[in-house]
Amino acid sequence: GPCIVVSTQCIEAGVDIDMSRIIRDFGPWDSLVQIAGRCNREGEKAAHRPVEIVDIVNEQGRRFSEMIYDQIHLAVTREVVGCRETLAEEETLALSELYFDCLNQRKDTGAAHLERFAYWRSDVPVREILRGEEKCQHTFLVIEQDEHLLRDMATANKVEDRWDRREAWRQLAGRIADISVNIFAKAGFRPEDIAENRFDHWILKSDYYSTERGLDLADTESDGGILIF
């Protein structure tokens with residue numbers, strides 16, 4: 001019978017799969033070419049099997065592709081494709097060359113970073129260059145969900161022998177994880193505004209968490225700083 005594969009973009013590279021038809025959300029040109037290579041990959045079907053590219057948007061009108069891919073790559077792809085509704089397989093090479101030429105003109109190729117490295121000048125870390133500036137992560141404990149945990153944390157913290165103390169804390173790890181709420185916050189967010197630090201853990205103050213909404217900062221000045229709940 002027919003086989004339908006629903007996949008993320010990981011199917012594009014390193015996966016030997018041969019499909020009769022492909023439907024894919026919009027993406028950079030090189031990704032579109034990669035996924036096209038999974039259509040009639042073995043060449044056993046009729047020539048020119050269809051690869052359909054759609055442009056999915058969410059309820060707010062934002063394109064899904066813009067949530068995943070670099071904006072320059074997407075913009076250059078739209079420029080290369082233009083208003084054409086259909087592209088022939090024979091056009092792939094010429095359009096690919098145009099795509100990468102445009103990217104070379106529009107993208108930062110890292111020349112400034114290379115020069116700073118060559119002359120031993122200070123520069124941003126490579127991790128930040130590749131992934132962007134990392135957001136600060138905070139973990140809060142909703143202590144109301146385990147009313148005896150704070151007492152047991154205090155007991156564990158008083159154990160004199162460091163190895164026994166470490167084991168006491170290890171035994172509490174599961175309970176701590178069960179009531180933990182993790183967030184990523186923008187610069188300027190202050191965890192002390194909504195929590196108290198006890199035993200190197202942020203204990204969330206009352207009224208900042210509900211089972212319906214999760215971490216609730218609607219009445220604080222910090223709500224604009226939260227990125228991910």
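Reply: A nonpolar core here is a set of buried Ala, Val, Leu, Ile, Met, Phe, Trp, Tyr and Cys residues joined through side-chain atoms within 4.5 Å. The model is predicted. Its largest nonpolar core has eleven residues. They are Phe140, Val142, Val181, Ile183, Ala185, Phe189, Ile194, Ala195, Leu204, Tyr208 and Leu215. Strand β4, residues 180-185, gives the most to this core, with three residues.

Take Leu204, a member of that core. Neighbours within four places in sequence are left aside here. Leu204 is then in contact with Phe140, Val142, Ile194, Ala195 and Leu215, among others. Its contacts also include Leu141, Glu144 and Tyr209. Another core lies apart from the largest one.

Now His138. This residue is found in strand β3, residues 136-141. His138 has a relative accessible area of 12%. The cut-off for buried is under 20%, so His138 is buried. With neighbours within four places in sequence again left aside, His138 is in contact with Val181, Asn182, Ile183, Ala185, Phe189 and Pro191. Val181, Ile183, Ala185 and Phe189 belong to the largest core.

Aromatic pairs round out the picture. The count comes to two. In one of them, the rings of Tyr99 and Phe100 have their centres 5.0 Å apart and their planes at 75°, so the pair is edge-to-face. Tyr99 is buried, at 0% relative accessibility. Phe100 is partly exposed, at 46%.

Definitions and conventions. Residues are numbered from 1 along each chain as its sequence is written. This is a predicted model: local features need pLDDT of at least 70, side-chain atom pairs count only at pLDDT 80 or more; totals for chains, interfaces and linings use all residues. Side-chain values use heavy atoms; hydrogens and water are left out. Buried means under 20% relative accessible area, exposed over 50%, partly exposed in between (1.4 Å probe, protein chains only). Helices (H or I, at least four residues) and strands (E, at least two) are DSSP runs, numbered from the N terminus. Contact means heavy atoms within 4.5 Å. Rings of Phe, Tyr and Trp (its six-membered ring) pair if their centres lie within 6.5 Å; planes under 30 degrees apart count as stacked, over 60 as edge-to-face and the rest as tilted.
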